[in-house]
Amino acid sequence: MGARGSSNLDDILSEDMHHWYKKFMKDSASGLVTLFELKTMLSLNGMTEEANSYVDQVFFTFDMDGDGYIDFVEYIAALSLMLRGEINQKLKWYFKLFDQDGNGKIDKEEMETIFQAIQDITRSYDVPPQDIVSLIYEKIDIHGEGELTLEEFISGAKEQPEIMEMLTKMMDLTNVLAIILDGRRNGD
């Protein structure tokens, strides 16, 4: 289930801006992508409530100015983060994605909802989300409060290679990026 047709995602950012702009404008003639357009672009119809919530959360974390649209600058910033971002940048983005209520802490339910949504989208159900969340909290919730601050999340993930590997694998949006960049649509 690889990114067929885009075997070299690492080279994507080396393309010239004109090429990037053409790809972006092909899918969004207005130069702005709405949440609905993103879901249509990725053929994400008939998703579970959790999967739908996850896509919404991804969109809103990439909509940096909060105007309800992803513009070209936000698009490039999102792709750059996902493809070449430093570990701390990615962990901050993961935290923001997990922190659905925006209170600066991640509770188990928020994290479980995101992992369930990812599994619903990828159709990969190898490990139940509650088991993943239990392992993460067992390893990095140093105060045992059942919630993680940004600092706890980042330091805990970096200190626990198995947690970092799990997060990296679960949060990999390579297939989604390949669909966007190749201009392909998911279809049956």
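Guide: We will go through the fold, the core, the aromatic rings and the charged pairs.

Visitor: Before that, what kind of model is it?
Guide: It is a predicted model, in which local features need pLDDT of at least 70 and side-chain atom pairs count only at pLDDT 80 or more, while totals for chains, interfaces and linings use all residues. Residues are numbered from 1 along each chain as its sequence is written, and side-chain values use heavy atoms, with hydrogens and water left out.

Visitor: How many helices and strands are there in the protein?
Guide: The protein has 10 helices and 4 strands. Helices (H or I, at least four residues) and strands (E, at least two) are DSSP runs, numbered from the N terminus. Along the sequence the pattern is α-β-α-α-β-α-α-β-α-α-β-α-α-α.

Visitor: What does the UniProt annotation cover?
Guide: The unreviewed UniProt entry carries the annotation "domain: EF-hand" for residues 50-85 and 86-121. UniProt positions are given in the numbering used here, feature names are shortened, and annotations may be inferred rather than shown by experiment. In the model, residues 86-121 are 72% helix and 8% strand.

Visitor: Moving inside, how many residues does the largest nonpolar core have?
Guide: The largest nonpolar core has 45 residues. Such a core is a set of buried Ala, Val, Leu, Ile, Met, Phe, Trp, Tyr and Cys residues joined through side-chain atoms within 4.5 Å. Buried means under 20% relative accessible area, exposed over 50%, and partly exposed in between (1.4 Å probe, protein chains only). Those with the most contacts inside the core are W93, F98, M111, F115, I136, F153 and L167.

Visitor: Which helix gives the largest share of this core?
Guide: That is α4, with 7 residues.

Visitor: And what does F115 touch?
Guide: Setting aside residues up to four places away in sequence, F115 touches F98, P129, I132, V133, I136, L167, M170 and M171. Contact means heavy atoms within 4.5 Å.

Visitor: Is A157 buried or exposed?
Guide: A157 is buried, with a relative accessible area of 0%. This residue is in helix α8, and beyond its neighbours within four places in sequence its contacts are L91, I140, E152, I163, M164 and L167.

Visitor: Changing topic, how many aromatic pairs are there?
Guide: The whole structure holds 6 aromatic pairs. Rings of Phe, Tyr and Trp (its six-membered ring) pair if their centres lie within 6.5 Å; planes under 30 degrees apart count as stacked, over 60 as edge-to-face and the rest as tilted. F59 and F60 are edge-to-face, at 5.4 Å centre to centre and 85° between the planes.

Visitor: Why is the pair of F62 and W93 stacked?
Guide: Their planes are at 10°, with the ring centres 5.2 Å apart, so the pair is stacked. F62 is in helix α3 and W93 in helix α5, 31 residues apart. Both F62 and W93 are buried.

Visitor: Where do the charged pairs come in, and how many salt bridges are there?
Guide: The structure holds 2 salt bridges, each defined as a side-chain nitrogen of Lys or Arg within 4 Å of a carboxyl oxygen of Asp or Glu. One joins E147 and K105 at 3.2 Å, N to O. E147 lies in strand β4 (residues 147-149) and K105 in strand β3 (residues 105-107), so this pair ties together parts 42 residues apart in sequence.

Visitor: And what of K139 and E162?
Guide: Their side chains meet in a salt bridge at 3.5 Å, N to O. K139 is in helix α7 and E162 in helix α9, 23 residues apart. K139 is partly exposed at 34% relative accessible area, and E162 is partly exposed at 38%.
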